[in-house]
Amino acid sequence: MQQPAYHVHIYGPPRLTDLGSVPADAVKNRGQSTEQGQQSTIATTFENAMARLQDLTPSVLTEPDGSIAWAGTEHQIVGIIYDAADQIQYVELRGHGQSKYWRLLLQTIAGTENVDRFSIMVLPNRQWKNFQSFERMLDENAS
């Protein structure tokens with residue numbers, strides 16, 4: 001049985017800010033996470049992320065425009081890496097597969113194993129999660 005497909009935008013961990021008396025709807029409209037922090041970039045360069053992806057496995061396909069595709073018998077994930085100012089702004093991914101594949105792909109792109117607090121916007125509902133919560137959702141929907 002094929003797992004449900006997901007469409008997500010992935011950002012670095014939120015930068016905590018002092019929001020004081022800012023109304024909750026203003027926070028939501030400014031693209032800030034439910035953790036009351038500003039979304040941040042992923043602290044690596046596009047070139048380094050693409051090099052790590054090419055070293056991950058021969059089944060990961062990359063294109064110079066930032067497009068990526070990774071498929072196997074248990075997963076299929078495609079997307080694009082958006083960068084500016086020598087940092088990855090966010091990664092857009094679509095696909096299905098167990099959480100271990102999503103985690104490995106994100107760790108490879110980010111160049112760190114510490115991705116649990118990365119911010120995930122699950123589309124189309126624009127639902128914010130940290131990576132750990134997204135991972136639990138993947139595992140629950142896989143069973």
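Which residues do ring pairs link into a cluster? The cluster consists of Tyr6, Trp102, Phe131 and Phe134. The model is predicted, so local features need pLDDT of at least 70 and side-chain atom pairs count only at pLDDT 80 or more, while totals for chains, interfaces and linings use all residues. Residues are numbered from 1 along each chain as its sequence is written, and side-chain values use heavy atoms, with hydrogens and water left out.

**Strand pairing**

- Strands S5 (residues 76–84) and S6 (residues 87–96) run antiparallel and are joined by nine bridges; two strands pair if DSSP finds at least two bridges between them.
- Helices (H or I, at least four residues) and strands (E, at least two) are DSSP runs, numbered from the N terminus.
- Val78 has Arg94 in S6 as its bridge partner.
- Two residues lie between the strands in the hairpin of S5 and S6, where Ala85 takes a positive phi near 55°.

**Nonpolar core**

- The largest nonpolar core has 30 residues, of which Val8, Ile81, Leu93, Trp102, Ile109 and Phe134 touch the most other members.
- Strand S1 (6–16), helix H2 (46–56), strand S4 (67–71), S5, S6, helix H3 (99–110), strand S7 (119–123) and helix H4 (131–142) each give two or more residues to this core.
- H3 gives the most to this core, with six residues.
- Such a core is a set of buried Ala, Val, Leu, Ile, Met, Phe, Trp, Tyr and Cys residues joined through side-chain atoms within 4.5 Å.
- Buried means under 20% relative accessible area, exposed over 50%, and partly exposed in between (1.4 Å probe, protein chains only).
- Leaving aside neighbours within four places in sequence, Val8 is in contact (heavy atoms within 4.5 Å) with Val91, Glu92, Leu93, Trp102, Ile120, Met121, Val122 and Phe134.

**Aromatic pairs**

- Seven aromatic pairs are found in a search of the whole structure.
- Rings of Phe, Tyr and Trp (its six-membered ring) pair if their centres lie within 6.5 Å; planes under 30 degrees apart count as stacked, over 60 as edge-to-face and the rest as tilted.
- Trp70 and Tyr101 form an edge-to-face pair because their ring centres are 5.8 Å apart and their planes lie at 75°.
- This pair links distant parts of the chain, with Trp70 in strand S4 and Tyr101 in helix H3, 31 residues apart.
- Trp70 is buried at 6% relative accessibility, and Tyr101 is buried with a relative accessible area of 14%.
- Tyr82 and Tyr90 form a stacked pair, 4.6 Å centre to centre with 20° between the planes.
- Tyr82 is partly exposed at a relative accessible area of 30%, and Tyr90 is partly exposed at 21% relative accessibility.
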